[in-house]
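Work through the following exercises with the sequence and the coordinates open beside you, and try each task before reading its solution.

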4 protein chains.
Amino acid sequence: MTNKKLKVGIVGGTGYTGVELLRLLSIHPGVELTAITSRGDAGLPVADMFPSLRGYVNLKFTDPAQSNLTECDVVFFATPHGVAMSQAQELLDTNVKVIDLAADFRLQDTAVFEKWYKMPHSCPNVLKKAVYGIPELYREQIKSAQVIGNPGCYPTTVLLGLAPLLEQGLIDFTAPIIADSKSGVSGAGRKAEVATLFAESSDNMKAYGVSGHRHHPEIHAQLMQLAGENVQFIFVPHLIPMIRGMLSTIYVKLSAKAKTLDLQSMFEQRYQHERFVDVLPAGVLPETRSVRGSNQIRIALHKQDEAGYLTLIVVQDNLVKGAAGQAVQNMNIMFDLAENTGLEVVPLLP
Amino acid sequence: MTNKKLKVGIVGGTGYTGVELLRLLSIHPGVELTAITSRGDAGLPVADMFPSLRGYVNLKFTDPAQSNLTECDVVFFATPHGVAMSQAQELLDTNVKVIDLAADFRLQDTAVFEKWYKMPHSCPNVLKKAVYGIPELYREQIKSAQVIGNPGCYPTTVLLGLAPLLEQGLIDFTAPIIADSKSGVSGAGRKAEVATLFAESSDNMKAYGVSGHRHHPEIHAQLMQLAGENVQFIFVPHLIPMIRGMLSTIYVKLSAKAKTLDLQSMFEQRYQHERFVDVLPAGVLPETRSVRGSNQIRIALHKQDEAGYLTLIVVQDNLVKGAAGQAVQNMNIMFDLAENTGLEVVPLLP
Amino acid sequence: MTNKKLKVGIVGGTGYTGVELLRLLSIHPGVELTAITSRGDAGLPVADMFPSLRGYVNLKFTDPAQSNLTECDVVFFATPHGVAMSQAQELLDTNVKVIDLAADFRLQDTAVFEKWYKMPHSCPNVLKKAVYGIPELYREQIKSAQVIGNPGCYPTTVLLGLAPLLEQGLIDFTAPIIADSKSGVSGAGRKAEVATLFAESSDNMKAYGVSGHRHHPEIHAQLMQLAGENVQFIFVPHLIPMIRGMLSTIYVKLSAKAKTLDLQSMFEQRYQHERFVDVLPAGVLPETRSVRGSNQIRIALHKQDEAGYLTLIVVQDNLVKGAAGQAVQNMNIMFDLAENTGLEVVPLLP
Amino acid sequence: MTNKKLKVGIVGGTGYTGVELLRLLSIHPGVELTAITSRGDAGLPVADMFPSLRGYVNLKFTDPAQSNLTECDVVFFATPHGVAMSQAQELLDTNVKVIDLAADFRLQDTAVFEKWYKMPHSCPNVLKKAVYGIPELYREQIKSAQVIGNPGCYPTTVLLGLAPLLEQGLIDFTAPIIADSKSGVSGAGRKAEVATLFAESSDNMKAYGVSGHRHHPEIHAQLMQLAGENVQFIFVPHLIPMIRGMLSTIYVKLSAKAKTLDLQSMFEQRYQHERFVDVLPAGVLPETRSVRGSNQIRIALHKQDEAGYLTLIVVQDNLVKGAAGQAVQNMNIMFDLAENTGLEVVPLLP
């Protein structure tokens with residue numbers, strides 16, 4: 001760790017991942033916020049848009065064209081899909097590291113990217129160097145990465161839930177892996193839409209994206225990477241009337257060997273040195289509020305003996321471990337800071 | 001009451017007052033829904049937009065230009081301010097009655113209308129004939145009205161709360177009347193806006209419009225009408241994280257005479273024959289959910305003896321008695337139907 | 001249908017299924033509410049506890065011992081498990097029909113009952129005659145039943161979702177049936193508990209009962225009954241921060257034959273004459289609010305072609321089709337009333 | 001500030017103010033948590049009850065009788081009313097400072113205490129020494145206090161809103177001061193009750209305590225203390241469906257002098273050095289979420305020129321500045337720590 005503070009820029013600070021980065025970075029002891037850009041709101045004090053930041057962030061939004069992002073050490077993109085890939089090369093050329101919270105650098109297969117995001121990938125060279133930013137899976141690569149594709153919110157829950165099984169080859173792939181995931185409404189972003197109005201989504205729930213959600217190919221690619229073989233994967237996301245919070249219930253068929261193992265202990269060992277992954281004691285089930293505002297992810301497992309299945313239940317705050325918190329965790333690793341720097345926020349309960 | 005069903009048209013059926021009219025009218029025994037217009041969604045089955053109406057409403061939205069509204073007996077305008085006044089004269093000319101749920105026919109003073117709604121009033125002749133649609137105050141005029149200005153949601157609570165005092169001259173007007181009102185988020189309408197997103201307005205509340213809300217002049221004009229003299233009026237609305245429901249807490253200084261009266265009995269007598277106004281027993285306070293989905297309004301009163309004030313607490317469902325339900329009540333009166341026809345919906349609790 | 005109104009009693013009217021029965025029955029044209037019992041609140045006017053019923057229910061709670069239930073035509077038990085079985089025989093002896101909304105008459109295997117409900121079954125003779133009250137599956141038996149075991153809330157969604165497949169033998173039972181179900185908090189009942197406080201369960205969600213929920217054996221028994229063979233069944237319920245509403249996402253492996261069929265059409269045909277079962281058009285997904293306050297159940301299906309699975313999404317209001325509404329539907333059938341009498345309540349949206 | 005960490009005990013750690021103290025103190029750099037007592041849950045790891053604290057609090061609840069509270073430097077009472085006054089003397093005798101979050105040391109007039117809390121005050125000698133714990137009003141006395149009566153949640157909003165006016169004599173007391181206050185449900189505490197169940201208090205609101213709330217005499221006494229004369233005070237609290245958050249709308253009649261002043265500037269100057277009091281710019285209104293989880297209080301003011309009134313709108317997190325956060329602020333002052341130590345938590349938005 002150096003004494004000099006990192007100069008940090010945020011492109012697109014007006015959405016939920018943007019304000020969440022600001023919440024975390026404004027009190028991060030190793031960081032100096034240098035620039036926060038917004039095309040539409042340039043000139044506006046950040047704290048006028050987000051009064052929660054009054055007294056913590058004194059910057060104004062600046063126009064992207066006039067922001068000296070190239071003077072930063074690292075730039076976060078909290079922008080719509082497609083923005084980071086148009087600007088990454090220029091930043092890398094001036095030795096600025098890039099962490100993209102959108103999808104530009106998550107999918108190594110550009111054909112898959114183009115199918116799901118309906119745009120050409122303009123930057124395959126940078127993509128090749130990008131590391132998928134789940135520290136608990138790819139920490140070594142993150143250390144030396146110049147570009148991070150920060151994962152989608154759903155994938156982090158599913159992948160950290162399944163990793164111990166995949167790494168040990170304990171899943172019987174003759175049955176599909178099923179992830180039934182539930183997300184708070186902030187996952188839909190801070191954009192004016194009828195469907196996510198309070199009067200539409202409160203006291204109400206629904207499944208969505210059943211015929212195809214963008215996180216399906218992202219998770220699927222990672223599952224096959226970790227499994228080393230073909231995997232069937234069914235993914236059904238649901239919208240839940242809570243602001244933050246995500247819970248994935250995952251159903252997998254266990255291999256013959258897995259049925260004989262103490263999976264609880266195996267999970268506990270796998271994650272024993274991970275500050276942000278908490279394997280709950282046997283029989284304890286997690287609530288989403290137990291991680292509200294924090295970078296924790298909590299995992300519970302339950303063997304369905306008769307059916308030979310394992311049920312995994314994984315919770316996280318979709319805006320923290322599912323987005324901005326994990327991005328900061330990645331930054332800490334990339335710059336050799338203690339991984340939990342600025343991330344020791346006790347969950348807000350109640 | 002005639003045996004022939006009323007032909008009813010709704011202009012602008014895609015907002016919350018529109019869908020609420022549909023909920024009530026689709027099972028109203030004296031009504032045949034004839035046309036529901038929407039400029040943007042013409043051709044779409046109504047039940048595709050509002051699946052709650054599957055099996056109850058089989059109509060499609062029609063383009064306003066192609067809707068034979070002149071063949072209706074009555075047309076409701078569930079449109080933005082300014083639409084009804086541009087179409088009312090044509091309908092009246094063909095003997096169609098008009099009930100406007102927007103503000104076009106609420107304020108008799110066009111200068112006040114133009115100041116608050118930022119548009120010229122295009123139809124002052126019709127306005128002169130319009131009746132302000134609170135049946136409990138203006139039933140006789142409603143019976144013979146051709147045009148109803150259906151009240152705003154807030155005014156109904158404040159006016160029905162204060163009417164018994166105003167009618168008897170029991171308020172000391174040396175102090176202002178203060179109405180501290182609270183509304184569910186559906187009051188903001190079904191339009192795409194960041195401020196009323198679930199993630200913005202859930203687990204949160206605020207005052208708004210403190211420096212001037214459009215319902216202030218509407219209430220103020222009615223207060224002075226009922227009082228027969230000048231009245232000071234302070235109005236502060238608040239946005240509350242609930243879908244429906246409105247509660248107004250009203251503070252008035254009692255006249256010397258009022259302090260000696262049994263106001264509880266007086267209120268009970270004033271409203272004893274009103275099906276939709278419920279004066280709660282002394283000491284009982286109302287909850288908004290006790291009227292959820294229904295046309296009831298409930299009133300509680302409490303004397304603040306030491307200060308010589310009366311506190312009134314009034315609840316209604318802002319979309320029913322505060323909008324669509326009251327509009328249907330007005331229609332029933334205008335067409336000589338029993339006033340509660342189609343409105344005997346038991347509140348949904350829990 | 002006779003002209004004479006049915007005399008109806010409700011035992012245990014102070015919980016959510018009780019007040020929901022009151023909401024529906026108070027405006028049911030074929031019913032006269034005769035007695036509502038409550039041990040703890042005898043003497044209290046019902047509308048004092050539930051102000052939503054002011055003007056609709058004028059009865060007081062009566063002590064069970066002093067309620068002339070034997071003079072009723074039918075008695076609903078909205079009581080804790082174990083009450084109905086202690087009183088049913090006496091009622092049947094006086095020719096009163098019984099509809100139990102608790103679990104006493106749902107499980108034909110008393111050993112299973114005793115395992116899950118931790119009490120002996122005191123009334124196996126009556127149990128033998130009891131019919132499981134899902135009209136869409138057992139209408140003929142319900143017509144002549146003396147005793148109805150009204151289903152649990154979760155089972156109705158899972159069973160009506162799967163019935164068309166089970167009846168046609170279209171499921172491959174080498175894989176377990178998985179039901180990932182989500183319920184609003186009213187499903188936990190109206191009892192003082194920390195876990196279901198607003199401050200505990202709002203902005204929060206969790207899975208519960210993973211190691212064994214009482215509705216598992218109930219659903220399991222019915223699945224096997226409908227399948228005619230052994231079935232593996234995994235059931236994970238979740239608590240969602242909404243008052244009412246239930247959504248079950250069901251994952252089944254299709255048989256070889258099923259993969260070749262137009263399941264959408266098959267479902268539509270199966271339920272085409274069922275007033276309360278709505279198969280949504282292909283590609284449309286249901287929201288829980290689309291049935292809020294109503295007896296509707298809505299079903300969507302989506303083939304997961306690659307995996308050879310079918311995903312079913314089923315919504316209902318847990319207090320209506322999941323409890324009180326279905327009970328009234330059963331009553332209508334038992335007494336030869338039109339099945340939808342008193343149940344044509346348009347869902348409350350927003 | 002000393003290098004040695006303060007030894008801190010918490011009596012009654014199982015309620016919301018208890019867990020909130022734990023959230024704040026567990027990462028307070030100047031504090032060592034020494035004992036957390038609970039009569040009912042002795043032996044249970046604190047993090048088993050509150051999983052949000054896993055990794056932050058490793059203590060178990062201990063029985064009060066076996067907790068060496070006398071070895072602490074300071075003990076917080078997060079207990080029901082009446083507990084602190086029974087234990088305070090013993091702690092003071094061993095030089096332990098006491099901060100009571102209940103009402104035992106808030107009201108100097110024991111007759112008033114006994115009237116409102118229905119119990120005799122057992123400890124008037126300690127009460128005499130107690131300081132009312134609002135630092136922005138009584139900082140000097142807090143510095144040397146042995147016992148703090150930490151204010152109720154409502155009083156902090158009303159008193160900090162009105163203090164600048166009261167201190168300068170700018171209120172016309174011929175009219176009553178009216179405080180219309182709104183609180184999130186956590187204010188009712190973490191106890192099993194029907195009224196605060198999710199299914200009862202969600203999508204719903206109500207006024208309560210209109211005929212007399214315990215915070216009325218507390219606020220009233222302080223108002224008269226600050227005013228130096230008799231004051232009429234009307235207080236109506238409301239229950240709002242949000243977990244945390246409190247908003248008070250206050251209506252006061254301005255003195256002739258006040259009408260001529262720039263009150264906005266006056267408020268800004270009064271609080272310019274107060275870290276936790278934020279006077280919003282003219283025209284900006286506060287939302288409760290802008291302080292969620294933080295010790296900030298935000299104030300807006302609006303002159304009602306015509307009526308000669310001032311409307312104040314004040315927000316805080318009822319569990320932080322309204323309870324545990326203010327208690328920690330008091331502790332910091334008592335032990336000469338920087339006043340914001342451990343309290344620089346950025347509000348959680350969204």
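The exercises below concern a predicted model, and each one is followed by a worked solution.

**Exercise 1. Find how many disulfides there are over all chains, and explain the case of A:Cys123.**

Solution. The cut-off needed here is that the two sulfur atoms lie within 2.5 Å. For A:Cys123, the closest cysteine sulfur belongs to A:Cys72 and is 18 Å away, which is too far for a bond. Over all chains, the count by this rule is zero disulfides.

**Exercise 2. Decide whether A:Cys123 and B:Cys153 are buried or exposed.**

Solution. The step needs one threshold, since a residue counts as buried when its relative accessible area is under 20%. A:Cys123 has a relative accessibility of 7% and is therefore buried. B:Cys153, with a relative accessible area of 14%, is likewise buried.

**Exercise 3. Describe the interface between chain C and chain A.**

Solution. Start with the residues: 43 of chain C are in contact with 43 of chain A. Next take the area, which comes to about 3,800 Å² buried between the two chains, with carbon and sulfur atoms giving 58% of it.

Conventions. Residues are numbered from 1 along each chain as its sequence is written. Chains are lettered from A and ligands numbered from 1 in the order in which they are written. This is a predicted model: local features need pLDDT of at least 70, side-chain atom pairs count only at pLDDT 80 or more; totals for chains, interfaces and linings use all residues. Side-chain values use heavy atoms; hydrogens and water are left out. Buried means under 20% relative accessible area, exposed over 50%, partly exposed in between (1.4 Å probe, protein chains only). Contact means heavy atoms within 4.5 Å. Buried area is the accessible area (1.4 Å probe) that two parts lose on being put together, summed over both.
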